[in-house]
Amino acid sequence: MEKKAARFQVAYLCCRPLITYTSSTIHTVPQFTQLNFHGTANTIEVSGNNTEIFLEMLAANVTGSVDANGVCQCTVYLPDTTFPADRVEQLEIQASSLLISVEIEIQKILEYSSKIVIYESHLQNLTLRVEFMENSDISFTELDFELVKVEIQELEILISQLKGSLNGSNVIIEQLFVKIHNMSLTINNLEKLDKNNVLIIRREIIALRKQLKECEEARNQTKPTPTQPSIIYGSCDHGPLLNISEPFIVQLNWRGFAYKAGAWGRDPAPVPPKKDLYWQAPLKDGRYMDYYRQYGSFDDLLLYKNPKDYLLASNNLAQGSGMVVYNNYLYYNFMNSRQIRKVDMNTNGIVLMKELPGAAFNNRFSYSGTPWQDIDLAVDESGLWAIYATEESTGNIVISKLNETTLSVEKTWVTGQYKPAASNAFIVCGVLYATKTITTRQEEIFYMYDTKTNQDTKISIPFKKVMEILHGINYNPPDHKLYVYNDGYLITYDLSFYPKNTNS
């Protein structure tokens with residue numbers, strides 16, 4: 001601190017001057033202040049450290065000496081009695097405020113740290129998925145890219161919020177934000193590339209894979225290799241069933257795990273203006289269908305978007321997992337009866353009711369492991385069918401071709417297969433295929449009956465399943481898929497066939 005001199009009025013009493021002085025505020029606060037005095041009889045000057053002091057009017061006797069020139073000289077130690085309590089109080093207030101701010105910031109940091117760990121995990125997962133999409137030869141649909149884009153957009157929003165909270169001061173957050181933004185641009189570029197390339201050849205790739213799989217199966221099982229042109233979807237220009245693919249899990253039914261029984265599928269012939277129609281029908285208490293749901297596309301089904309839910313009146317409930325959808329109409333077995341009902345899926349109204357002559361019902365001849373499915377409705381390339389049993393057939397499977405407009409029976413076939421010995425069945429091109437359970441994770445297509453030749457054949461086409469019981473199996477001609485309701489899960493299988501005029 002700069003040294004200053006102060007003037008004091010001094011009165012001498014035998015070289016013991018009486019010092020009277022005035023001071024001001026202290027800038028520094030020592031315990032004592034050392035001052036040096038010199039001057040004449042009337043005034044002296046004082047100098048030394050910490051002399052910026054405004055003292056209250058105060059007097060002291062100091063022992064001194066007079067030099068040869070008559071100048072009085074003495075040294076004084078003054079106690080520093082002025083304490084700046086107001087400034088200390090201000091400091092305490094500021095310290096308390098700072099402590100609160102620090103605690104808030106520490107809490108924010110802890111919160112942001114946990115969020116950053118989560119975001120980092122999401123980001124690493126997305127990074128791997130994007131790298132896989134960049135380097136992989138596998139084709140991806142627009143939905144694949146859309147799902148990744150949604151996740152990236154969510155991360156961008158979260159990082160933006162975090163960035164705002166930190167006022168842009170955190171370099172790591174800035175870097176994270178830039179990386180996620182770059183990932184978003186990469187996905188957009190990949191999507192453009194996909195639209196220009198992958199989606200165009202997607203069907204060709206699927207067809208080639210199916211042909212390759214057919215060749216491998218034929219070689220492994222020493223069966224004739226198909227030599228005919230590619231099979232046309234929706235037509236019967238092929239031979240009997242050759243193989244069934246691995247199961248593809250679509251999702252859990254929309255009503256949850258408790259609804260283990262039910263059915264689902266795709267309308268093979270939706271009525272315009274509908275381009276597509278997917279439906280789900282979980283069973284309440286494993287027996288009754290009171291609600292069903294439909295979607296306008298497969299993407300909507302996957303994303304649970306734009307569903308249409310319909311409630312059946314208590315006097316219109318369906319029974320069992322044997323329902324099917326065809327030409328925008330839902331066909332099902334009415335509860336506690338052999339009656340088939342037809343529902344308009346645009347209005348949810350009953351448009352037709354008709355009994356199936358002689359059909360057993362209420363668990364008389366249901367499938368093994370799938371109760372209440374005495375009447376199982378099916379669709380193939382030629383239209384609507386009913387699979388059931390009668391007392392006259394002694395429980396053997398009966399097949400009837402139905403007129404979908406009037407629900408009248410056009411023709412009936414009685415097979416040699418006992419219905420309760422099969423776990424389920426479906427029809428492709430007028431050929432009945434029956435399944436049976438091998439283990440909790442394996443099923444087998446073991447029986448076929450051709451309505452064109454009236455011949456039945458024992459076959460063996462094993463396939464895997466995700467859960468134990470296959471409650472509803474619906475074949476869809478336009479894509480050669482089985483839509484299976486497997487203990488609450490929606491599953492699909494791809495079917496492959498022998499070329500035309502080829503026997504298994």
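User: Which strand gives the largest share of the lining of the largest cavity?
Analyst: E28, with 3 residues. This is a predicted model: local features need pLDDT of at least 70, side-chain atom pairs count only at pLDDT 80 or more, and totals for chains, interfaces and linings use all residues. Residues are numbered from 1 along each chain as its sequence is written, and side-chain values use heavy atoms, without hydrogens or water.

User: What residues line that cavity?
Analyst: Gly265, Arg266, Pro268, Trp279, Val324, Val325, Val379, Asn474, Tyr475, Asn476 and Tyr483. Each has an atom within 4 Å of a cavity point (1 Å grid over the protein atoms alone; a 1.4 Å probe fits but cannot get out).

User: Switching to sheets. What order do E16 to E19 take?
Analyst: E16-E17-E18-E19, an open sheet of 4 strands with antiparallel pairing (at least two DSSP bridges). E16 and E19 (349-355) are the edge strands, each pairing on one side only.

User: How many bridges join E17 to E18?
Analyst: 5 bridges, between residues 329-333 and residues 339-344. Within that pair, tyrosine 331 in E17 has lysine 342 in E18 as its bridge partner.

User: What's the mean pLDDT?
Analyst: For the protein chain, 78 (predictor's confidence per residue, 0 to 100). Of its residues, 60% reach 70 or more.

User: Where is pLDDT below 50?
Analyst: Residues 1-35 are one such stretch, with 121 contacts (heavy atoms within 4.5 Å) beyond near neighbours in sequence. Residues 40-59 are below 50 too, with 77 such contacts in the model.

Note on methods:
1 Å grid on protein atoms, 1.4 Å probe; cavity = no way out; pocket = protein on both sides within 12 Å on 5 of 7 lines; lining within 4 Å.
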